[in-house]
Amino acid sequence: MIIQRVVLNSRPGKNGVPVAENFRLEQSTVADMIQAGQVRVRTLYLSVDPYMRCRMNEDTGSDYLLPWQLSQVVDGGGVGVVEESKHHDLAKGDFVTSFNWPWQTVAILDGSLLQKLVPQLVNGRLSYFLGAAGITGLTALLGVREKGHVAVGANQTMVVSGAAGACGSLAGQIGRLEGCSRVVGIAGTDEKCSILVQEMGFDAAINYKKEDVAKQLRELCPGGVDVYFDNVGGDISDTVISQMNQNSHIILCGQISQYNKDVPYPPPLPPDIEKIRKERNITRERFLVLNYMDKQEASVLQLCQWIQEGKLKVRETTVEGLANIGAAFQSMMNGGNIGKQIVSVSK
């Protein structure tokens, strides 16, 4: 069977900025027959995520992420439908997902590595299983619960950087649902800031490209910052940390401003900011959602309940066609999307 797939065409280099041309669309084939335990799936949706930038390097800098290989098919989160099955738990027509889904139109996969999906949990929006009801939502929810130390009635203020992105837009809403009394987002356009406030229930949002972030934080968080959901690192994070309270908490989710730089993860703070962190006893511990998979099932059900009740607003930026996935990746890394970046492969 002839299929289309996307392979890694070139590496941007450790300090380079990814471009669409780092990926290449090509024709390939998959076997006509499947073996015992396998399923043939047709790809419906693929997820494009900031962490993938690390996989473009020969060394990801992480012990849990494998690098993509040149001229080999790229993989990541995906959702598809079973077209043929020789696995006892899966049947034709079942919807399934995997964290290591190949970027190709049709694939033959080991059925034991796939998770069966229940579309009704997300009102039929299967792509949500790659975002709000998937690893992105889990990262936001478990990050807030495990590292944010949010308590109902504690009158806590949360700040979220990268707030209009896939994880940040959920984290701010979850912070509110978990008990924060005030949530402020930081984003890069007026449109994003407007969506955060008018659609997603943030109390305020700061456009870091146009406004003085330090000044705005002083005005919008007069009692200081108690919880900081950090998606970006760099200068913005330094500014937020300098206004954090005694015994406050940083949820170290991502450092997208540092992903094109050859620095350790998590990147060390500048000496003056590290001094503030220590003096105020601010926690800043590496957070990896994969360490909390024992809480996955209950957490996904919580996320789905909030989605069904309309308490968790979901935004997706959807690009049509496998041929455009490289451009989608470039746009995401440049901060061009709102919410989760999804590629719709086939209907």
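What is the volume of the second largest pocket, and which residues and elements line this pocket?

A: The structure is a predicted model, in which local features need pLDDT of at least 70 and side-chain atom pairs count only at pLDDT 80 or more, while totals for chains, interfaces and linings use all residues. Residues are numbered from 1 along each chain as its sequence is written, and side-chain values use heavy atoms, without hydrogens and water.

The second largest pocket has a volume of about 630 Å³. A pocket is an open set of points on a 1 Å grid over the protein atoms alone, with protein on both sides within 12 Å along at least five of seven lines; lining residues have an atom within 4 Å of a point. The lining comprises 29 residues, and those nearest the centre of the pocket are Thr97, Ser98, Phe99, Gln115 and Gln296. Two or more lining residues come from each of strand 5 (95-102), strand 6 (106-110), strand 7 (115-116), helix 2 (135-147) and helix 8 (296-309). Helices (H or I, at least four residues) and strands (E, at least two) are DSSP runs. By class, 16 of the lining residues are nonpolar, eight are polar and five are charged; Gly counts as polar.

In a cavity, a 1.4 Å probe fits but cannot get out. The largest cavity contains about 50 Å³ of space. Its lining consists of Gly131, Ala132, Thr136, Ala166, Ser169, Leu170, Lys313, Val314, Arg315, Gly339 and Lys340. Helix 3 (residues 166-178) gives the largest share of this lining, three residues. The classes represented in the lining of the largest cavity are four nonpolar, four polar and three charged residues.

Elsewhere in the chain, six strands form an open, parallel sheet in the order 10-9-8-11-12-13. Strand 10 (204-207) and strand 13 (283-286) each have a single partner strand, so one side of each edge strand lacks a neighbour in the sheet. Within the sheet, strand 11 (residues 225-230) pairs with strand 12 (residues 244-252) in the parallel sense over five bridges, pairing being defined by at least two DSSP bridges. Tyr228 stands opposite Ile250 in strand 12.

As to confidence, the chain has a mean pLDDT of 93, with 97% of its residues at 70 or more, on a scale from 0 to 100. Over residues 257-263, however, pLDDT stays under 50.

Conventions
pLDDT = per-residue confidence, 0-100. Contact = heavy atoms within 4.5 Å. Points joined across faces, edges and corners; volume = space filled by probe spheres on them.
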